[in-house]
Amino acid sequence: MTDFVEAIEQGHALQVVMMRIGPETFALGAGMVREIIDPIPTTRVAGARPHLGHVVNVRGNVVPLADIRERFGMPLAAATPDTRFVVIELDLDGDPTLVALVADKVFEVTAVALVSRQPAPKIGTAWRPEYIRSIVKSGDDFVIIPDMQAILN
Amino acid sequence: MTDHDPREVFLAEANELLDRLETTLLDLGDRPDDSALIDTAFRALHTIKGSGAMFGFDRVAAFTHDFETAFDLVRRGEVPTSAALVNVSLSAKDYIRTLIEDPDATAPVIGEAILAELERLVSRAKAPPEPAYAPEPEAPDPEATAAGWRIGIAFAPEVLRNGTNPLALLDELRDLGPCTVVPRLGNLPDLAALDPESLALGWDVTLRGSATREAIEDVFLFVRDDMVLTLTPLDDIAPAPDAPVAVPVPAVAAPVAEPVAPVPAQVSAQVSAQVPAKPSANPPAKPAASEAERRGSARGTEPRAASTMRVEAERLDELLDRVGELVIAQARLSQLAGHHADAGLQTIAEEIERLSAQLRDTTMSIRMVPIGALFSRFRRLVHDLSGDLGKPVTFVTEGEETELDKTVIERLADPLVHLIRNAIDHGIEDPARRGTSGKDATGRILLAAEHVGGQVHVTVRDDGAGLDVARIRAKAEERGLVAPGTPLTDQQVYQFLFAPGFSTAQQISALSGRGVGMDVVKKTIEALRGSIDITTEPGAGTAIVLRLPLTLAIIEGLLIRVGDGRYVLPLAAVEECVELPESGRSERGRDFLNIRGDLVPFLRLRSLFEAAGEPDPYQKVIIVSVGEAWFGLVADQILGNHQTVIKSLSKLHADVTTFSGATILGDGTAALIIDPAQLMAGGQIGAAPDGLRDYREVA
């Protein structure tokens, strides 16, 4: 993620995985994505924060399942045939941590042209600005590059 | 092992030797006349010196040499062992350790001071006319002036496999002076039975010149434990130095009387030497047997040295991870096989189940180590503290053979240091006070370990004054930990001892009183999923019991269903299961049970976990114990036992304390492991442990 941001700041193009969560399109640096899996049975964690309410078994590791729709105030929708779990690796206080992310649909891996990068607008969005690293333009779409550390913690 | 840094090997070996040295010195303090102990200490020193020099730890070697020299006087009985000598030796041992671990940070002046003290003790104890000992006290050794040596060399057969090259050693002997080398062929088997990797030869060497005994022994330094070396000054035996046949090994009789010249390689050397020896019908049985006996007695101290091997701890961790994966995969296989009517598949599934269970047990047992090694570390601590504080203390250990997972043992070291320090500093009274209260002036610290159910209990018990409940309470009130006048049981008051920065010591000593430590003890033990009990009796002492799980990796669990979720309870905490009586079924019913006359409160997991769906009409109550307290957990169904491979929860779930971890079930889904202690500590249960007991007393 840090590499990603640095690369953006240095003006390079970057490989990202594009996905749709709720009505929005997000881009995650391809480097942080470990794998993309079909939905598997989840286990509810009583007492956990709503966006981290479940865990799943990813190759023998018990991994939190993050549903960031709640963080962005989006309505929760039932899984569709397009739903995927995107397993990402985050650096939390120096420890690499696996997190599975619910995505309504995963698109292709693509390069975003970083010249099109724009800072998150202060107004015009209901989201807390610290959740958004930046917004880039891909084709005609605006794509959010989320700050996963901030969103999950 | 070969791809390892030899210095690492030396460090590991030196650590072991230093530990052995320390234990020996402490034993020597108790039994000053035990010459076997003195020999052991001397041997340890000698090996440290030799390997230190070999691996470039020159300062270690130099210091150890001087230390050894002084100790040699003790070994030869010229200087008696004394408590002061043991103490100086202990500090010398510590100095060697620092020299090895961090030579740059070690000032030579410390070493010089230790040596000076050692010298003072040794020379004062020695007979008066003797001058203060010279750096080389071997000088008066009359043997050194002998015309030469008769050297008998008998190696253990496996030395070749350990990388020893006997010919190189013989060459080293040659460097000391002119040698006549005669092989002993008595043990040679027939050609067909010859194993080129095992050494059947021995040698008798006649060495002329002024080499010292020590110089000769040094040649064999690294194989000393695997051989029998006999040294006889030449003057002592019949003056027939050129007739090596006279050496007391019968089978040498005929064939090779010539000195064995350097031979190309050790294996071929054996074969070529063996060929001429063959025809002479050797009586191999007798010498072989006596050789074995001699070797056996010489190596009696370490009879199993060859049957153990060192393995890096990480590899064991990896192995356990793999076994964990296997157990999970096997559970899935079994479940799958259960759904199919295929008898062949079921047989294989059962076979794999059996094998993986055995593999799991074996792997777990590899990780189990006796706690004795940890216990022996504290002897030094007690010895030093008892000296520093002027409180004579006997240190007793029990249950050293109790085995625990190595990770648990490693993490126990620091908490035990704190507890033992506290016991000596605060627990044991000074001798005068002990005298007035009619106790033996010498205090007693007991460190014990025992298996209790699925747990290991490690106890630190002192026979001191006991805890002062009123003082702890006053301090807690002063620090605002509890409102004055709150009714508290003694157990609740003791818990304040574990509050960060809590200390009732009136004076801060170098050792304790700063209040750092007990909170660390508690944290460490809880991180190991253990708990701490304190019992104390005024005037009679205090016992602190650490209750620890046997292992951190795989536990026996009870699988239960709550709503549509499945959970695991550690079986070690489960006392019994009962059906929820009619009176408890409604949510507003009485939330306690009558278990054989005791009132046991219970907690409805359905409401705690906000479970969906209708409750099972016949809910079950699982009675669990946490320390002294019992309480019930209401579940919809008990599914059975489950081999639980513990997976830790992610950092992102650090705020969820109800669960101590997760595991993976047979169908591949994750299940959470309930932590009963946290349920109770989190106030989820109406009553705290002692409140509970009050209930029971009322009932």
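The following dialogue considers how several terms apply to this predicted model.

Guide: Residues are numbered from 1 along each chain as its sequence is written, and chains are lettered from A and ligands numbered from 1 in the order in which they are written. In this predicted model, local features need pLDDT of at least 70 and side-chain atom pairs count only at pLDDT 80 or more, whereas totals for chains, interfaces and linings use all residues.

Visitor: Why is Ile48(B) called buried?

Guide: A residue is buried if 20 or more other C-beta atoms, placed from the backbone, lie within 10 Å of its own, exposed if 12 or fewer, and partly exposed in between. Ile48(B) has 27 other C-beta atoms within 10 Å, and therefore counts as buried. Across chain B, buried residues make up 35% of the 699 residues.

Visitor: Where does Ile48(B) lie, and in which helix?

Guide: Ile48(B) lies in helix H2 (residues 35-54) of chain B. Helices (H or I, at least four residues) and strands (E, at least two) are DSSP runs, numbered from the N terminus. Chain B has 20 helices and 21 strands.

Visitor: What is Ile48(B) in contact with, leaving aside its neighbours within four places in sequence?

Guide: Two residues are in contact if their C-beta atoms, placed from the backbone, lie within 7 Å. On that basis Ile48(B) is in contact with Ala14(B), Leu17(B), Val60(B), Thr64(B) and Ile96(B). Thr64(B) is 16 residues from Ile48(B) in sequence, and their C-alpha atoms are 7.3 Å apart in space.

Visitor: What makes a set of residues a nonpolar core?

Guide: The members must be buried Ala, Val, Leu, Ile, Met, Phe, Trp, Tyr and Cys residues joined through C-beta atoms within 7 Å. The largest such core has 89 residues, of which Val86(A), Ala100(A), Leu101(A) and Leu569(B) touch the most other members. Domain 3 (313-369) and domain 5 (554-698) of chain B both give residues to this core, so it lies between them; the domain bounds come from an automatic or database domain assignment. A second, separate core of 38 residues includes Val408(B), Ile428(B), Leu447(B) and Val493(B).

Visitor: How do you know that the buried residues of H15(B) line one face of the helix?

Guide: In helix H15 (residues 469-478) of chain B, the residues Arg473(B), Lys475(B) and Ala476(B) are buried. Seen down the helix axis, the buried residues of H15(B) fall within an arc of 160°, so they line one face; the arc is that of the directions from the helix axis to the C-beta atoms. The face turned away from the buried side of H15(B) carries the exposed residues Ala470(B), Arg471(B) and Glu478(B). Helix H16 (490-495) of chain B is included in what covers the buried residues of H15(B).

Visitor: Why are S3 and S4 of chain A called edge strands?

Guide: Two strands pair if DSSP finds at least two bridges between them. Six strands of chain A form an open sheet in the order S3-S7-S8-S6-S5-S4, with mixed pairing. Strand S3 (33-37) and strand S4 (43-44) of chain A each pair on one side only, and are the edge strands.
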